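Let's take a walk through a protein model together. Have a look at the chain first, and then we'll go through it piece by piece.

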Amino acid sequence: MALILASTNLLTARIAAGCFLAALVVVLFYAKNWTLRGLCIGFIIFIALVWFLQERTTVRILRYVILFIGVMNSLFSVYDIYDDLISRRVNSSDAEKFAEICPCPCNGVGWGFIWGMISFIFLGASVYLGLIILS
C-alpha cells in the first residue's frame, strides 16, 4: 500500500526507491543462498538504472516502476493467501495454527478468507487513495 501511494508523487517515489534499495542491500548481506543474492543484485541494478534515467534523461519512469512493484506485491499477497490457505488445506499452515489458539469458531480456511479479504481491501483502498491523490 505504501509503494502504491508513494508512486503518486516524484519525491515520494524517490524516497520509496531509496528505502527499497536500502532493504535490498540489507537482504543482500543476510541472504544465505546465491539465488536470493542474485535477485537482490538484479533489482538493485534495475532500480539504480531506472533512477539514473529519471535524473539524467527525459525518461520519467521511476513512479511507474514503484507503482508496478507495489501493485504486484499486493496482488501476489492476495493470490498467495488464496493458494496457501483457501484452495489447498495444509494442517501445518499458519492459519490452521492461528485457528487452534484463537477462541473464534473459524477454521484455517475461514482465517485464510478473512486475511485474503483484508489484503484485498488494502489493495483496493491504496488504489482508491492513489487515484484521489492524483486527481
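What share of the chain over residues 12–30 is helix, and what share is strand? That stretch is 100% helix and 0% strand, with its end C-alpha atoms 27 Å apart. Helices here are DSSP runs of H or I with at least four residues, strands are runs of E with at least two, and both are numbered from the N terminus.

Before going on, two bits of housekeeping. This is a predicted model, where local features need pLDDT of at least 70 and side-chain atom pairs count only at pLDDT 80 or more, while totals for chains, interfaces and linings use all residues. Residues are numbered from 1 along each chain as its sequence is written, and side-chain values use heavy atoms, leaving out hydrogens and water.

Residues 12–30 also carry a label: the unreviewed UniProt entry annotates them as "transmembrane region", along with 36–54, 61–82 and 113–134. Such annotations are given in the numbering used here, with shortened feature names, and may be inferred rather than shown by experiment. Over residues 36–54 the chain is again 100% helix and 0% strand, and the end C-alpha atoms are 27 Å apart.

Now zoom in on G18, which sits in helix α2 (residues 10–30).

Q54 belongs to helix α3 (residues 34–56). Its relative accessible area is 3%, so Q54 is buried. Leaving aside neighbours within four places in sequence, Q54 is in contact (heavy atoms within 4.5 Å) with L10, V59, R60, I61 and L62. The Q54 side chain also reaches the backbone nitrogen of I61 at 3.2 Å.

Over in helix α4 you'll find S74, which is buried because its relative accessible area is 13%. Setting aside neighbours within four places in sequence, S74 is in contact with M1, I4, S119 and L123.

I4 turns up again in the lining of the largest pocket, whose other lining residues include Y64, L67 and L134. The elements giving two or more residues to that lining are α4 (62–87) and α6 (108–134), and α6 gives the most, with five.

Methods. 1 Å grid on protein atoms, 1.4 Å probe; cavity = no way out; pocket = protein on both sides within 12 Å on 5 of 7 lines; lining within 4 Å. Buried < 20%, exposed > 50% of the residue type's maximum accessible area, 1.4 Å probe, protein only. Polar contact = N/O pair within 3.5 Å; in protein donor to acceptor, adjacent residues only side chain to side chain.
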